[in-house]
Amino acid sequence: MRRYSDMSEDTRDVLAEVGNIGTGNAVSALAGMIGQQIDMELPTIRLLPYQEVPALLGGAEDFQVGVLLETTGDINGMFMFLLSEPFTRQLLGALVGEAPESAAELDEMGTSAICEVGNIMCCSYINALARMMDVKVHVSVPSVCSDMVGALLSVPMIRFANLSDEMLFIENQYHLGELSVVSHILFLPEVDSIEKILTALDLPYET
């Protein structure tokens, strides 16, 4: 297998199921952190060319907060958790008691809180995948950046441009009372890691 698009439908279904499990675990942890009930819809998982992703995130100039983690061990790659400004404000209001007027104005406490949320969300997916595969995955210390979507996406695009022009795009929609919010996780495993996943799950490499 040389590209993500070579994955069979069975493989995509398995990754989607891992996404369901990981997101469910993440939402339970997040609800405990903010002390509010969170209702979750089934996540949507798509394989997309890089150039299509900014439009689905509100446009290249839309301002969001990104939490980036790198994975090593049996799965090498990168996860990026993206939060819209309304979701960022809602979380910070619940976590630290004060929401900034703009995600560009995150102070040290707000950055730390969002970093922990992103760590929980991404690690829930990673841990679900590692348990299904019975493998070891090490996760880097997360980094947080507030910027336009185009700038946030430039980091994984530059790193993975020589491997694929596609990424796994996981969209989660939550309901916190009357507020509906959306977050996204971008999952970019290296191709040899995808092959390890398929071997561990006894799935064919290609369609």
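Guide: A nonpolar core is a set of buried Ala, Val, Leu, Ile, Met, Phe, Trp, Tyr and Cys residues joined through side-chain atoms within 4.5 Å. Buried means under 20% relative accessible area, exposed over 50%, partly exposed in between (1.4 Å probe, protein chains only). This is a predicted model, where local features need pLDDT of at least 70, side-chain atom pairs count only at pLDDT 80 or more, and totals for chains, interfaces and linings use all residues. Residues are numbered from 1 along each chain as its sequence is written, and side-chain values use heavy atoms, with hydrogens and water left out.

Visitor: In the largest nonpolar core, which residues touch the most other members?

Guide: That core holds 45 residues. The ones that touch the most other members are Leu30, Ile38, Phe81, Leu91, Met121 and Tyr174.

Visitor: Which element gives the most to this core?

Guide: Helices (H or I, at least four residues) and strands (E, at least two) are DSSP runs, numbered from the N terminus. Elements that each supply at least two residues include α1 (9–34), β3 (63–73), α4 (108–133) and α6 (191–200). With 12 residues, the most is given by α4.

Visitor: Why is the pair of phenylalanine 79 and phenylalanine 187 stacked?

Guide: The pair joins strand β4 (residues 77–84) to strand β8, 108 residues apart in the chain. Phenylalanine 79 is buried at 2%, and phenylalanine 187 at 0%. The ring centres are 4.3 Å apart and the planes stand at 20 degrees, so the pair is stacked.

Visitor: What about phenylalanine 87 and tyrosine 174: stacked or tilted?

Guide: Phenylalanine 87 belongs to helix α3 (residues 85–95) and tyrosine 174 to strand β7 (residues 166–176). Their relative accessible areas are 1% for phenylalanine 87 and 0% for tyrosine 174. The centres are 5.4 Å apart and the planes at 40 degrees, so the pair is tilted.

Visitor: With which side chain does the side chain of histidine 184 make a polar contact?

Guide: A polar contact is a pair of N or O atoms within 3.5 Å; within protein, one must be able to donate a hydrogen and the other to accept it, and residues adjacent in sequence count only if both atoms are side-chain atoms. Histidine 184 sits in strand β8 (residues 179–189) and is buried at 5%. At 3.0 Å, the partner is glutamate 171.

Visitor: Glutamine 64: buried or exposed?

Guide: Glutamine 64 is in strand β3. A polar atom of its side chain lies 2.8 Å from the backbone oxygen of leucine 57. At 3% relative accessibility, glutamine 64 counts as buried.

Terms used
Phe/Tyr/Trp six-rings, centres within 6.5 Å; stacked < 30°, edge-to-face > 60°.
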